[in-house]
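Visitor: I am new to this structure. Please show it to me, and then I will ask about it.

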Amino acid sequence: MSTRPTRKSDVTRRRLLDAATVDFAAHGIAGARVDRIAAAAGVNKAQLYAYFGDKLGLFGAVFRLHADAVVDSVPFTAEDLPGYAVGLYAAAAERPELVRLAAWARLEGVVTERLVTDTSAVAAKHRAIAEAQRAGPVTATMEPEDVLTLVIAMALAWSPGGPSAPSAASDDPSSDHARRKKALFAAVSGAFAPAPRGP
């Protein structure tokens, strides 16, 4: 007998995830209300608990949904960190809810890495950066995990969780996006290029 969810259950689950995204992004984990999310999704709380177990389980599912969408939309190439940063910038502008969710999680002490099922993807990025450092395109003066952290931080500088005000939005003028992407590409190119060899 197949255990694959029915189409109706898929639709219900997606309604819950959409409603929870709005509530968590606006109110954080502690401030979100299960009854409010269930009402917005048009289901009862018992169904929500049956799908996700508890509120933190629901938050984890919401975070994974958006994190996976960003990861899938931005391919990673260690030899092209500037291009990866620009791709992350664009993805963050299209999905500001992910940045808000991550910011709430950080404020409330929830480690998002534990919510993402495929942590092997991060390890693979670290290995790719280490290989690029050995081959030469990326500076070897930093640890691979620090390189990745800094690239992500630079890419998200204009996001809702970043230092820029106002933050970037998908409907900003295309000239603004182009200016930021150009600056980001140049900054990442300079920050992680190998040091020039001496005479």
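Guide: Start with helix 2, whose buried residues are covered by parts of the chain that include helix 1 (7-31), helix 3 (45-52) and helix 4 (55-73). Keep in mind that this is a predicted model.

Visitor: Which residues of helix 2 are buried?

Guide: Helix 2 spans residues 34-41. Buried means under 20% relative accessible area. The residues of helix 2 that are buried are Val34, Ile37, Ala38 and Ala41.

Visitor: Why do the buried residues of helix 2 line one face?

Guide: An α-helix has 3.6 residues a turn, so residues three or four places apart point the same way. Seen down the axis of helix 2, the buried residues line one face because they fall within an arc of 95 degrees.

Visitor: Which exposed residues does the face turned away from the buried side of helix 2 carry?

Guide: Exposed means over 50% relative accessible area. On the face of helix 2 turned away from its buried side, the exposed residues are Ala39 and Ala40.

Visitor: Which residue follows helix 2 with a positive phi?

Guide: The phi of this residue is near 75 degrees. The residue that follows helix 2 is Gly42.

Visitor: Which helix gives the largest share of the lining of the largest cavity?

Guide: The count is one cavity of 30 Å³ or more, and the largest cavity has a volume of about 40 Å³. Its lining includes Tyr89, Ala92 and Ala93, and by class the lining has eight nonpolar, one polar and no charged residues. The largest share, three residues, comes from helix 5 (residues 81-94).

Notes
Residues numbered from 1 in each chain as written. Predicted model: local features only at pLDDT ≥ 70, side-chain atom pairs only at ≥ 80, totals over all residues. Heavy atoms only, no water. 1 Å grid on protein atoms, 1.4 Å probe; cavity = no way out; pocket = protein on both sides within 12 Å on 5 of 7 lines; lining within 4 Å. Points joined across faces, edges and corners; volume = space filled by probe spheres on them. Helix = DSSP H or I, 4+ residues; strand = E, 2+ residues; numbered from the N terminus. Nonpolar A, V, L, I, M, F, W, Y, C, P; charged D, E, K, R; others polar. Buried < 20%, exposed > 50% of the residue type's maximum accessible area, 1.4 Å probe, protein only. Arc of directions from axis to C-beta. Contact = heavy atoms within 4.5 Å.
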